[in-house]
Amino acid sequence: VAAAGTAVACAAVLMVRSDQGGGHGGHGGHGGQGGRAGTTSRPDAGDALRIAFAGFATLRRHGRLRILLGVVAVAGLVKGVGDIVFVVFADDRLDGGGGTSGLLAVAYGIGGLLGALGATRLVRSSRIGGQLLTAGALLGIAMAGAAWATTTPTAMASMVTMGAAESLLVLTSTVSVQRQAPPH
């Protein structure tokens, strides 16, 4: 299912047109495959290296982007820790084993879907700082709830909240990076 979803996503990306004149998939709409107006050659090794490191130069110039990228990295760390915590938490705290860790993972996934639905407001919103703050606060509340949870239902409620907060945090910070980065 994940492979099929990825294939559909790749097909959708190929249909995205650049706002620079209608090129497909990274050609930038400049007429040729090299990205320079009027040429048809591919970029040379120097161009490829410059393009590869242009993001680092942008991060050096724009402090907000560095902060937002840090938020994205922390959200990824939270997700990775969450994947491990399901099993340990189910075994040690709830004495439930593999079935309970599966339930916690399902609750986290349902929360992730709910968070993604909540993030659809980002499309129409020009200011998303409030959503970013909400996601961080929800994540803290969910982690505190998980620390005190001693039954499977309370742990599942914490995991739903944690999944929603993590999803909203990733989507909000990613959209923020895209909005803050210069178009070039």
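Colleague: How many helices and strands does the secondary structure of the protein chain come to?

Modeller: The count is 6 helices and 0 strands, where helices are DSSP runs of H or I with at least four residues, strands are E runs of at least two, and numbering starts at the N terminus. From that end, the elements run α-α-α-α-α-α. Bear in mind that this is a predicted model, in which local features need pLDDT of at least 70, side-chain atom pairs count only at pLDDT 80 or more, and totals for chains, interfaces and linings use all residues. Residues are numbered from 1 along each chain as its sequence is written, and side-chain values use heavy atoms, leaving out hydrogens and water.

Colleague: Happy with that. Why are α4 and α6 called oblique to each other?

Modeller: The axes of α4 (residues 98-118) and α6 (residues 152-180) cross at roughly 40° and come within 6 Å. Axes are lines fitted to C-alpha atoms, for helices over the stretch in contact, and angles run from 0 to 180 degrees between N-to-C directions. Angles under 35 degrees count as roughly parallel, over 145 as roughly antiparallel, 65 to 115 as roughly perpendicular and the rest as oblique. The pair is therefore oblique.

Colleague: And what is the handedness of the crossing where α4 passes α6?

Modeller: It is right-handed; that word applies if the near helix is turned clockwise from the far one by less than a right angle, and left-handed if anticlockwise.

Colleague: Which residues of α4 and α6 meet there?

Modeller: Among them are Leu104, Tyr108 and Gly111 in α4, and Met159, Gly163 and Glu166 in α6, with contact meaning heavy atoms within 4.5 Å. By class, this contact has 14 nonpolar, 7 polar and 1 charged residues. Here Ala, Val, Leu, Ile, Met, Phe, Trp, Tyr, Cys and Pro are nonpolar, Asp, Glu, Lys and Arg are charged, and the others, Gly among them, are polar.

Colleague: What makes α3 and α6 roughly antiparallel or roughly parallel?

Modeller: They pack at an angle of about 155°, with axes 9 Å apart. That angle therefore makes α3 roughly antiparallel to α6. The crossing of α3 and α6 is left-handed. Residues that meet include Leu68, Val72 and Phe86 in α3, and Val170, Ser173 and Val177 in α6. The contact of α3 with α6 has 14 nonpolar, 4 polar and 3 charged residues.

Colleague: Where does α3 bend?

Modeller: Helix α3 (residues 63-93) bends by about 35° at Val85, the bend being the angle between axes fitted to the seven residues ending there and the seven starting there. After α3 comes Asp95, with a positive phi near 50°.

Colleague: How do you know whether Gln131 is buried or exposed?

Modeller: Buried means under 20% relative accessible area, exposed over 50%, and partly exposed in between (1.4 Å probe, protein chains only). Gln131 has 13%, so this residue is buried. Gln131 sits in α5 (residues 129-148). Leaving aside neighbours within four places in sequence, its contacts are Arg121, Leu122, Ser125, Leu168 and Thr172.

Colleague: Why does Gly130 count as partly exposed?

Modeller: Its relative accessibility is 44%, so Gly130 counts as partly exposed. Gly130 also belongs to α5. Gly130 and Thr172 are 42 residues apart in sequence and 9.7 Å apart in space, C-alpha to C-alpha.
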